[in-house]
Amino acid sequence: MKILICGLGALGTVYGCLLKKQGHYVAGLDRPEVVGIVRSRGLSVNGIWGEHETMLDDVCDTVTSLAESQYDIIIVSVKAFHTASALKDLGAVLVRAGYVMLAQNGLGNYETALQFVPDSRLIAARVIFGSVSEAPGIARVTVIADDVLIGSPSHVIDEAALEEWAGLFRDSGIPTRTSDQIMGYIWAKVIYNSALNPMGAILELPYGKLAEIEFSRNVMDNIIREIFIVMQAAGQTVPWPDASAYLEEFYRQMVPTTAGHHASMLQDIRNGRKTEIDALNGAIVVRARELGVEVPYNEVVCQLLKAKEMNRLESVD
């Protein structure tokens, strides 16, 4: 298969490295400073999935520089706030591609991508393994809470085609299965990330510690309850009937499997990068206003995170 990875951050590095090692043609697209490093030393992955190193077939900072312009799949792993610009920049390469898979955090990526890609070619992924970028082209896989799930939100891609891609990813070492309820699982990950990511970044604590402390646990409980209120108002279903059922599994199974993990938002802030808060709690706040419901905990945590983000960005400048 010919595969293009759009965005060689932590997640893109994992996909690019493992897929290339499995024997696929893999090209990467990213910023010039990342491309120069990856072109010279390749990609490497370490952590719970072992040690892996490989050189990509092609790596470029502009679409016009790509040696192979027709891909079986483009895996988009850029930050949520770059989705529209990344897809727009892909231009003719996007038109000629077979499928586009969105391996991203937050809400709104699928809706944004539909402006550029027909739903018959658009795969959504719920990625819930943790990876951190140690340097350009070097990623460490730290935890995995469940298999990656892929699916067609509009239910227009044949199940056999989705299973073929899931099998290809499994063969490369990325546990993956298909789901006919992919948007429900994406919302479920939004709940998880919205509770843990901003709190972990603000307090600079790993997930397990957030659950141990009474006060941070109380805030997370209320963030989750508010999101369920928004989902109920929007008619969005998830695999849990209500917030209580979700909270029980959250503390019993989800948090313990990722107890030592630090939020990616904390890494973004420490490195002077913009976070994805607007695609998580910020998106919940926007949906709540549209639906006429109140989400004060999500509003406050969003403002606190943005204050910390702004302070760090200003100090870096």
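Two strands count as paired here if DSSP finds at least two bridges between them. Strands (E, at least two residues) and helices (H or I, at least four) are DSSP runs, numbered from the N terminus. With that in place, Leu 4 stands opposite Ala 27 in E2.

Before I go on, the model. It is a predicted one, where local features need pLDDT of at least 70 and side-chain atom pairs count only at pLDDT 80 or more, while totals for chains, interfaces and linings use all residues. Residues are numbered from 1 along each chain as its sequence is written, and side-chain values use heavy atoms, with hydrogens and water left out.

I start with the sheets.

E1, residues 2-6, and E2, residues 25-29, pair in the parallel sense over five bridges. Four of the five residues of E2 are buried, so E2 is largely enclosed by the rest of the structure. Buried means under 20% relative accessible area, exposed means over 50%, and partly exposed is in between, with a 1.4 Å probe and protein chains only.

E1 is also joined to E6 by four bridges, and these two run parallel. In that pairing Ile 5 stands opposite Ile 75 in E6. E6 covers residues 73-76, and both of its faces are covered: Ile 73 and Ile 75 on one side, Ile 74 and Val 76 on the other, are all buried. Another four bridges join E6 to E7, residues 99-102, again running parallel. There, the bridge partner of Ile 73 is Tyr 99.

The other open sheet has four strands in the order E4-E3-E10-E9, with mixed pairing. Strand E4 (52-54) and strand E9 (129-135) are the edge strands, each pairing on one side only. E3, residues 43-47, and E4 pair in the antiparallel sense over three bridges. In E4, Thr 54 is the bridge partner of Leu 43.

Next, the helices and the cores. A nonpolar core is a set of buried Ala, Val, Leu, Ile, Met, Phe, Trp, Tyr and Cys residues joined through side-chain atoms within 4.5 Å. Which residues of the largest core touch the most other members? Of its 43 residues, they are Trp 187, Leu 196, Ile 224, Phe 228, Tyr 246, Phe 250 and Ile 284. At least two residues of this core come from each of H6, H7 (207-212), H8 (214-234), H9 (243-257), H10 (264-270), H11 and H12 (296-316). H6 gives the largest share, nine residues. Apart from this core lies another, of 39 residues, among them Val 34, Ile 73, Ile 123 and Phe 169.

Contact means heavy atoms within 4.5 Å. Leaving aside neighbours within four places in sequence, Ile 224 is in contact with Ile 191, Ala 195, Tyr 246, Leu 247 and Phe 250.

Two helix pairs are worth a slide. Axes are lines fitted to C-alpha atoms, for helices over the stretch in contact, and angles run from 0 to 180 degrees between N-to-C directions. Angles under 35 degrees count as roughly parallel, over 145 as roughly antiparallel, 65 to 115 as roughly perpendicular, and the rest as oblique. The axes of H6 and H9 come within 12 Å and cross at roughly 75 degrees, and the two helices are therefore roughly perpendicular. On the H6 side the contact is made by Ala 188, Ile 191, Tyr 192, Ala 195 and Leu 196, and on the H9 side by Tyr 246, Phe 250, Met 254 and Val 255.

For H8 and H11, the axes come within 10 Å and cross at roughly 45 degrees, so this pair is oblique. The residues in contact include Ile 223 of H8 and Asn 281 of H11.

Last, Asn 281 itself, in helix H11 (residues 281-291). Is Asn 281 buried or exposed? At 0% relative accessibility, Asn 281 counts as buried. Not counting residues up to four places away in sequence, Asn 281 touches Ser 194, Pro 198, Ile 223, Asn 298, Val 301 and Cys 302. After H11 comes Gly 292, whose phi is positive, near 75 degrees.
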